[in-house]
Amino acid sequence: MKKLFRSAFAFLPAKLFVAPLILLTALLQASPPSLWISRGLGGGGALFSPSFSPHNPNELYVACDLAGLYHSTDLGSSWSLVDFRQIQANRSSSVQFTNDAATLYCLNFKGDTGAPYKSSDNGLTWKPLANDPTDHDAFSLSADRSNLNRIVLSDFTRIFFSNDAGVSFAKKYETSDNDSGCHVAGVFFDGDNIYVGTSQGLLVSTDSGRSFAMSPVAGIAQSEKMFSFAGAKQDGNVRLFAVTLEAGSVYAGVSIESEYTAFKSVYSLDWGQSSWMPKTNGIAASHYPAFVSMAAGNISTVYLAGGDDGELPIVYKSTDGGSNWRSVLLTSNNQNVYTGWAGDRGDRGWSYGGAALGFSVAPDDANKLAYTDLGFAHLSTDGGASWRQVYLDHADQNPPNAPTPKGKNYHGVGLENTSSWWLTWSDPNNLFASF
């Protein structure tokens, strides 16, 4: 049999052997790519945790659950991918800015779990905090934008505080609920006062973090728990907001994409009052807010983001401290949205991206906001009056108040947030990565 095989093989044309040898030689001579250029459309992987810089009005980060941490310095006109050897992202990798433009914090998911990392060169390089009390199993990290030394860090059941830029941490709270743990909904730093919204209640320090205690403030039933939390201070008045979900849907490490329909209510609290006040006037019964966000110095303008019964994204705005809400993301016929390849009647409809998975207002500008979803990122700079996609070249985007066309060509801008399935050399110097 071997002789027959060899005999038949001998009659094959020589060029069938020569061509692979030429290709192999070319590949061996090829050098690693020194520059990647986006050649196609972006979008497709879930995006989370948009974060605006208080130092550069055009700078923001977005995290992807496929490990990418994306950085833009031109408000989404282009994106760069932070070196994966430095940091790898996940849904809770919210880049935390401080009063020093060069000092940033973020959770790094190089392993399966999160570890607190710090950058001292504006995100170019990242190093782990040496004395991580979570043993590389952190669930949330929040830093004080006005004091680079102050950090609130949590794991499944515990909350820690550092006042020396992460050199050391002290445990400030631990829950006995080992089933759902302690979800940190958000942190608002206000000088000596630090407010931590949690699934177990409102944790407060009034002595610069030396001690924390659960506030006795009432108003939120035991059948619901905080999912998101925000605060602002204006003219000496502190106002806090919280969005709650059904209690069983809030746990440390909660995946909001499967839980947002468990929405219960929106609450506000002017610090000093004894009870949270419900604030839901104007929110449609078929809409489910999950995120609340506001600029740090504006207690009147507040935003909510989430999804609806049809798995479409929603954004609401209030300009009177939550007394009244109105929808500002009008997806029907893309009424106020400059779309990319996903939009009403486009190659993919709004339900492809689905409900908001991340949402943020710029800390110093109540008119600048961004939301992310299962594939895309959109941004507004006029308080939600209009929106634009930030995952494709702006020259290619489609006008608002019109259906998104199908089959159109687009150019990417670096937000190719999905997995690479194939590598193809077109010659020794050019390599295509197909997503």
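Is D177 buried, partly exposed or exposed? I looked it up: D177 is partly exposed, with a relative accessible area of 22%. My cut-offs here are under 20% relative accessible area for buried, over 50% for exposed, and partly exposed in between (1.4 Å probe, protein chains only).

Ground rules before I go on. This is a predicted model, where local features need pLDDT of at least 70, side-chain atom pairs count only at pLDDT 80 or more, and totals for chains, interfaces and linings use all residues. Residues are numbered from 1 along each chain as its sequence is written, and side-chain values use heavy atoms, with hydrogens and water left out.

**Entry: salt bridges**

I searched the whole structure and got 9 salt bridges. I count one when a side-chain nitrogen of Lys or Arg is within 4 Å of a carboxyl oxygen of Asp or Glu.

D177 pairs with K225 in one of them, at 3.8 Å from N to O. K225 sits in strand β17 (residues 224-234) and D177 in the loop between β12 (170-174) and β13 (184-190), so this pair ties together parts 48 residues apart in sequence. I take helices (H or I, at least four residues) and strands (E, at least two) as DSSP runs, numbered from the N terminus. K225 is buried, at 15% relative accessible area.

Next I checked K171, which bridges to E174 with the closest N and O atoms 2.7 Å apart. Both ends are partly exposed: K171 at 47% and E174 at 42%.

Then I looked at R91 and E257, whose side chains meet in a salt bridge of 2.9 Å, N to O. R91 is in the loop between β4 (80-81) and β5 (96-97), E257 in the loop between β18 and β19, so the bridge ties together parts 166 residues apart in sequence. I get 25% relative accessible area for R91, partly exposed, and 30% for E257, also partly exposed.

**Entry: S249**

S249 is in the loop between β18 (237-246) and β19 (263-270). I find S249 buried, at 8%. Its side chain makes a 2.9 Å polar contact with that of E259; the term means a pair of N or O atoms within 3.5 Å, and within protein one must be able to donate a hydrogen and the other to accept it, with residues adjacent in sequence counting only if both atoms are side-chain atoms. Leaving aside neighbours within four places in sequence, S249 is in contact (heavy atoms within 4.5 Å) with V254, E259 and A262.

**Entry: G340**

G340 is in the loop between β25 (337-338) and α3 (350-353). It is buried, with a relative accessible area of 0%. I put its C-alpha atom 6.4 Å from that of L392, 52 residues apart along the chain. Beyond four places in sequence, contacts of G340 include Q389, Y391 and L392.
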